Amino acid sequence: MSASTPSQPQPDTSAFYLPDFCATWTVLIVVLIAELVALVLALAGGESELGFWIQLARNAPFLLWIGLGTALVLCSLRTRLARLSVPWASAMTLALIVFVTLAISEVAYRLGDTFTQPGTELGSLFPVDHATFLLRGGFISLIIGALALRYFFVTHEWRRNVEMEARSRIHALQARIRPHFLFNSMNTIAALTRSDPKQAEEAVEDLADLFRANLSEARAQIPLKEELEVARIYQRIEELRLGSRLKVEWRVNEVPMRALVPSLLIQPLLENAIYHGIERLPAGGTVVVSGERNGDILRLSVANPVPREPRGQEREGNRIAIANITQRLELAFPGRSGIETSQTADNYVVTLTFPCIEQS
């Protein structure tokens with residue numbers, strides 16, 4: 001029985017600067033570029049004997065076939081090109097562009113030489129000088145291909161820098177989240193160590209899970225189900241400290257659990273609701289976490305009771321968390337997210353709005 005050879009890992013084509021020529025949008029761009037080049041060549045040769053419209057009728061389908069042929073070849077070979085370094089991949093891509101151009105030019109010349117007669121209207125659409133036609137097409141494709149590759153490379157580098165900057169900002173914002181409950185939790189665990197060792201062990205495990213989620217930088221966005229699990233872990237830890245004073249109602253059955261959200265989205269709001277509301281009420285109260293879906297929009301809200309105190313005596317820190325979450329939502333969903341806060345005499349509500357993008 002022969003041993004099976006391990007399959008070669010596929011390269012990360014998302015890091016390759018050439019776009020995906022299998023995508024419909026990219027093919028459409030290639031078609032537009034080909035027709036624009038045909039228009040430019042027809043305008044440049046406007047004083048020739050053929051005239052503008054005949055020049056355009058000759059160049060447009062010819063360049064369209066070159067564009068589609070190039071897109072087909074690059075679509076098929078993109079994975080292999082992605083394995084090469086940028087200089088080698090660029091050189092190979094230029095060679096492929098010139099090769100496709102020469103191949104289609106040769107086919108066009110052979111068709112004209114075989115099926116048309118020189119001097120006729122149909123024959124004027126096909127080239128006469130074989131060598132000149134091939135050399136001119138090859139040089140034009142080389143120049144346009146080099147310009148296109150330069151554009152793709154610069155665009156890719158700009159997009160990568162923007163993504164890296166956004167990711168760095170997300171990590172920096174995430175690192176600014178500092179739980180208020182750390183010392184309270186440690187004191188609670190220390191008290192439980194003698195009275196209820198098993199519960200103290202469970203509290204330590206919950207605290208470790210919570211800090212693992214706080215310190216994780218693997219993913220900027222996680223499914224809503226995981227975010228709610230982190231918030232429930234935090235709830236269990238605080239219930240050890242506050243006991244029956246803390247109640248949390250979860251009204252999230254109507255929202256998709258696979259929806260992607262920035263990590264640490266609900267837990268800081270729940271933390272603020274407890275710190276600024278429940279903890280300051282002698283009798284405690286109920287925090288309501290609710291969610292709804294309206295078409296492609298998700299709306300999550302956290303509501304908590306607040307004590308009636310003179311304005312200006314609120315605890316600091318609430319606005320820091322709100323500003324932090326606002327920035328991370330904007331980085332995750334540029335221009336498509338929002339956060340609203342409202343306060344009455346007895347309640348404080350934070351509402352998050354963002355697109356519903358489900359994990360595949």
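Two strands count as paired if DSSP finds at least two bridges between them. In this predicted model, strand β5 (residues 297–305) pairs with strand β4 (residues 285–294) through seven bridges and with strand β7 (residues 347–355) through nine bridges. Elsewhere, the axes of helices α7 (residues 224–242) and α8 (residues 267–276) come within 9 Å.

**Strand β5 and its partners**

- β4 and β5 run antiparallel and form a hairpin with two residues between them.
- Gly-295, in the turn of that hairpin, has a positive phi of about 70°.
- Glu-292 has Arg-299 in β5 as its bridge partner.
- The pairing of β5 with β7 is also antiparallel, and here Ser-301 is bridged to Thr-351 in β7.
- Seven of the nine residues of β5 are buried, so the strand is largely enclosed by the rest of the structure.

**Helices α7 and α8**

- Two packed helices are described by the angle between their axes and the distance between those axes.
- The α7 and α8 axes cross at roughly 25°; angles under 35 degrees count as roughly parallel, and the two helices are therefore roughly parallel to each other.
- The crossing of α7 and α8 is right-handed.
- On the α7 side, the contact is made by Glu-227, Val-230, Ala-231, Tyr-234, Gln-235, Glu-238, Arg-241 and Leu-242.
- On the α8 side, Gln-267, Leu-270, Glu-271 and Ile-274 take part.
- By class, the residues of this α7–α8 contact comprise six nonpolar, two polar and four charged.

Note on methods: Residues numbered from 1 in each chain as written. Predicted model: local features only at pLDDT ≥ 70, side-chain atom pairs only at ≥ 80, totals over all residues. Heavy atoms only, no water. Axes fitted to C-alpha atoms, helices over the stretch in contact; angles between N-to-C directions. Helix = DSSP H or I, 4+ residues; strand = E, 2+ residues; numbered from the N terminus. Parallel < 35°, antiparallel > 145°, perpendicular 65-115°, else oblique. Left-handed = near helix turned anticlockwise from the far one by under 90°. Contact = heavy atoms within 4.5 Å. Nonpolar A, V, L, I, M, F, W, Y, C, P; charged D, E, K, R; others polar. Buried < 20%, exposed > 50% of the residue type's maximum accessible area, 1.4 Å probe, protein only.
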